[in-house]
Amino acid sequence: MTPLLALIRKEFASLFGSSLAYVALTVAALVTALTFFDHLRLYNQVLFAYASTTMGGFASDSIPDYINLWDLVFFPVMEQLGLTFLAAIPLVTMRVFAEERSRGTDELLLSTKLTPNQIVLAKFFVTFAFVVLMMAVSFIYPATAITRGGLGVEHLAAVFTGLTLHAIGLASIGLTCSAFSRSQLVSAISGWAIAFILWDFGWMQPFVSEGVANVLDAFSLHPRYGAFSEGVVSLANVVYFASLAIVAFGLARFSFDLRRVG
Amino acid sequence: MRELALAGFIAALSGLVSLYATDHFGAFAGINLGLGGLALLAAALLGVRRLRALGSPHSRPVVIRGVLRIAVCLILAVALERAAQWSGVEFDWTREGRFELAPATLEACQDLRNTRATLFYDPEDPRIRRTRLLLDTLAARCPLRVVGQVLDEAVFDEDRYGVGSSNSVVLEHGDRFETIARPTEGTIYEALYRLRSRLSGVLTLLYGNGEGDIEDERDLGFSGFATALETEGYRLRRVASAALVEVPTPTDALVILSPRRHLPDPAVNAIRRWLDAGGSLVAFIEPGVTSGLEDLLGDYGLASPDAVVIDPAYAGRNEIGASIVAANYEAHPVTQGLGKNRMTFFPGARPFHLSKPQGSDRLVRVVLASHRAWVLEDPALLDAPEPPEPGPNVRRNYQTIAAAGRYVREAREIRIVAFGDAEFASNRHLRTLYNLDLALNAVHWATEREPAITLRPKIRSIVQFPLPIESTLSALYGIGLLVPEVLLLAGGIVWLRGRRD
C-alpha cells in the first residue's frame with residue numbers, strides 16, 4: 001500500500017472510529033428529513049386547500065402561481081439547509097489539521113515518506129468524501145418521498161448537487177482555517193466567519209459601484225448554490241465550487257511551508 | 001496582538017451584521033466598522049513585525065514559492081470559472097424540461113416557413129428577458145425571425161395587431177398574424193398551430209339534450225375544449241340530437257359531451273348505424289345521469305353502471321375521494337407520454353367494466369384510479385349528510401374511468417373512446433394537469449390522426465402536482481426517521497466500544 005493510501009485509510013478509520021462522524025451524519029439526515037417533510041406537508045395542505053371544492057376545484061386557474069413545488073419546497077429547503085450546513089460543516093472540518101498541530105502529530109506525519117502535498121490531499125479527500133456521504137444520506141428521504149409521489153427525482157438531484165457543492169465549498173473554507181490554527185475552536189469560529197462574509201455580497205450593492213458589485217457577486221456563495229434550486233446545473237457554478245477547493249488546497253499547503261520557516 | 005485582532009474582528013462583524021440587517025449605514029455600523037478596521041489593521045501590523053523572520057534569506061525562497069503557488073491556484077481558479085461562464089454550458093434537470101422546447105412546439109414552428117416574431121416591449125419591463133430568451137431559443141431551432149419593437153414607437157402597428165401592453169408578441173406568417181398577450185411556450189405553441197391552419201377533420205357534436213355547451217364560456221362550459229380542437233385544426237359542426245336521424249357527412253368523429261337527458265331513440269340508432277359503418281365516437285358520460293349512451297357503449301363492451309368511483313389516494317382531509325387524480329394508464333396511443341408524474345384530474349367519474357363483444361376486438365383501460373379505489377353504487381349518497389363508507393364486501397382495486405375500443409366489422413374499423421366524466425374537459429378543468437392532452441389525444445386517435453398525438457407545452461410552466469399524503473408520511477417513518485436512528489445507533493456503539501477499549 002502506498003503511503004498516501006495508508007494515510008487516507010488512517011484518516012477514514014480515525015473519522016469513523018469516533019462517534020462524532022455518526023452524530024454529524026445523524027443530525028444532517030434528521031434535519032434534512034424534518035425540514036423537507038415540513039415543507040412538503042405545507043405544500044400539500046395549501047395545494048389541497050385551493051384544490052378543494054369550495055375553492056373552485058383542482059382547476060389550475062384557481063391555484064395561485066406561488067403554490068408550486070419549487071417555491072414552496074425545493075427553494076426554501078435549499079435555503080434552510082444551506083444555512084444549517086454553514087453552521088455545521090466547520091464543526092466537521094475543525095479538527096482535521098488543528099488537532100494534529102495541537103498534538104504535534106503533524107511533525108510525525110512530515111517525518112514519514114509523505115510529502116506535504118500528499119498529506120493535504122489525503123485530508124481534503126477524506127473530508128470531501130465525508131461531506132458527500134453526509135449529503136447522500138440526507139438525500140435518501142427527500143428522493144423517496146418525491147419518487148413515490150411520481151414527481152421524478154431529477155430536479156431534486158439538482159438541488160442536492162447544489163447543496164453538496166455548497167457543503168464542499170464550506171468544507172474547503174473550514175479546512176483552510178483548520179490548517180492555519182492550533183485550536184479547534186478558533187478554526188471553527190473563523191470557518192463560520194469567513195463563510196458568513198462570503199455568503200452574499202448582495203447587501204453591499206447600494207454602497208459600491210456596479211462593476212464592484214458584479215465582482216463581489218461573482219465571489220458570493222449564496223447566488224451560486226441558490227441557482228441549483230431552479231433545476232439548472234450550470235458548469236460555471238460547479239467550477240466555482242471546484243475553484244474554492246483548489247484555492248483552499250493551495251492555502252493549506254502553504255500553511256505547511258509557513259510551519260517549516262516560522 | 002491576538003486580543004486586538006479578536007476585538008477588531010468582532011467589531012467589524014457587528015458592523016457588517018447591522019448593515020446586512022438594515023441596509024442602512026448608520027452610526028452603529030460606522031463606529032463598529034471604523035474601530036474594528038483600525039484594530040484589525042493594528043493587529044496586522046503587529047503580525048507583520050512578527051513575520052519578519054519569514055524574510056530571512058533561509059525562509060524567503062520557501063515563502064515566495066508558497067505565495068506563487070497560491071497565486072497560480074487563484075489564477076487557475078478564476079480562469080476556469082470564467083471559461084465555464086463563457087461556455088454557457090447548462091444542464092436542465094427539471095422534470096418537465098422547463099428550459100427545453102417541447103417536441104410539439106418545435107414541430108409546429110418548423111412547419112411554418114418565413115415567420116416573423118415581433119416582441120413589443122417597454123425597456124423597463126423585466127419580463128422581456130425571459131420572453132426574448134424563449135423567442136431566441138425558438139429562432140435557433142426553427143425558421144423564425146425575431147425582432148424587437150419598443151412600445152409607443154410604432155403606434156400604427158400596435159393598433160393594427162391589437163397590442164395592449166409590454167411583453168406582447170405578434171407572430172406573422174404571410175398575411176396572417178396572431179397576437180400573444182402573455183407569451184409562454186404554451187401560448188406561442190397555440191398561436192403557431194393556429195397560423196398553421198391545417199384542416200385535421202370534421203367533428204360533429206350534439207346539442208339540445210343537456211349536452212355540454214361548446215359555446216358556453218363559464219366554468220362548466222366547454223368553449224375551451226372547442227377552441228383547443230379548432231386550434232388543432234378541427235372544424236366543429238353542431239347537430240341537434242332531437243333531429244339526428246343520420247350522422248351527417250363528412251364526419252371524422254362524433255363527440256358527445258355528457259347529455260343530461262335521455263337521447264331520443266332515433267338519435268341513438270343513428271349513432272349505432274354510423275358506428276357499425278366504421279365511424280368513430282368520443283363519448284363523455286357523467287355519474288348519476290342515464291342518457292342512453294351507456295347502453296350503446298355497453299354493446300361495444302364498454303359497460304358503465306350508474307355508480308361513482310371513490311379514490312382516497314389523493315383525498316384531502318374530510319374528503320372521501322370522489323375527485324380522482326389519475327396516475328395510472330395502460331399503454332395506448334391516447335395515453336402516450338402520460339405516466340406516474342403526468343397526471344390527469346377527474347372531479348367525479350363513473351366506472352367501466354370491459355368485455356370484448358368479439359375475440360378480435362381490442363379494449364384498453366386507458367385511465368385507471370389508484371389501487372385503493374372502490375365503487376360507490378349510488379352516486380346520490382355523495383350528497384348525503386354523512387359521507388358514505390365502503391362496506392365490508394367492497395373490493396378496492398384499480399377502477400377504469402376511461403376506456404378505448406377498436407373493433408373491425410366487415411373490414412371497417414370502429415374506434416370508440418369513452419370517459420366516465422365530462423367535467424375534466426370543462427373550462428374549469430381542461431388545463432389542469434394533463435387533462436387537455438388526454439382529451440385532445442383521444443380525439444386525434446378516434447380520427448386516426450395518431451401523428452398529431454403529443455404532449456403540449458403548458459401555458460403555465462409551474463409544478464402544481466399533489467403528492468400523496470400517506471406515501472409521504474410512510475416515507476418519513478420508513479426512511480426519513482429510520483436512517484438517522486440507525487446512524488445514531490452505530491454512533492452509540494462506536495462510542496461505547498471506544499470507552500471500553
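Predicted model: local features only at pLDDT ≥ 70, side-chain atom pairs only at ≥ 80, totals over all residues.
Residues are numbered from 1 along each chain as its sequence is written, and chains are lettered from A, with ligands numbered from 1, in the order in which they are written.

Helices (DSSP runs of H or I with at least four residues) and strands (DSSP runs of E with at least two) are numbered from the N terminus. By this assignment chain A has 10 helices and one strand, and from the N terminus its elements follow the order α-α-α-α-α-α-α-α-α-β-α. Chain B, by comparison, has 13 helices and 19 strands. A residue is called buried if 20 or more other C-beta atoms lie within 10 Å of its own, exposed if 12 or fewer do, and partly exposed in between, with C-beta atoms placed from the backbone. Buried residues make up 48% of the 262 residues of chain A and 39% of the 501 residues of chain B.

In chain A, helix 5 (residues 116-148) packs against helix 10 (residues 235-261) at an angle of about 135°, with the axes 9 Å apart; axes are lines fitted to C-alpha atoms, for helices over the stretch in contact, and angles run from 0 to 180 degrees between N-to-C directions. Helix 5 of chain A is therefore oblique to helix 10 of chain A, since angles under 35 degrees count as roughly parallel, over 145 as roughly antiparallel, 65 to 115 as roughly perpendicular and the rest as oblique. Residues in contact, meaning that their C-beta atoms, placed from the backbone, lie within 7 Å, include A:V120 and A:F124 of helix 5 of chain A and A:F249 and A:F256 of helix 10 of chain A.

In chain B, four strands form an open sheet of mixed pairing in the order 3-2-4-5, where two strands pair if DSSP finds at least two bridges between them. Strand 3 (144-150) and strand 5 (176-180) of chain B stand at the edges with a single partner strand each, so one side of each has no neighbour in the sheet. Strand 4 (residues 168-173) of chain B pairs with strand 5 of chain B in the antiparallel sense over five bridges, and B:V170 has B:T179 as its bridge partner in strand 5. Helix 7 (residues 185-196) of chain B lies across these two strands, running at about 165° to strand 5 of chain B.

Elsewhere in chain B, strand 18 (residues 400-409) is mostly covered, with seven of its 10 residues buried. Strand 18 of chain B runs antiparallel to strand 16 (residues 362-368), to which six bridges join it, and B:V367 stands opposite B:A402. Eight bridges join strand 18 of chain B to the antiparallel strand 19 (residues 412-419); in this hairpin, which has two residues between the strands, B:E410 takes a positive phi near 50°.

A nonpolar core is a set of buried Ala, Val, Leu, Ile, Met, Phe, Trp, Tyr and Cys residues joined through C-beta atoms within 7 Å. The largest has 82 residues, among which B:A283, B:A326, B:I401, B:A418 and B:V443 touch the most other members. Helix 11 (residues 435-446) of chain B gives this core its largest share, eight residues. A second, separate core of 81 residues includes A:L7, A:A98, A:L244 and B:L487.
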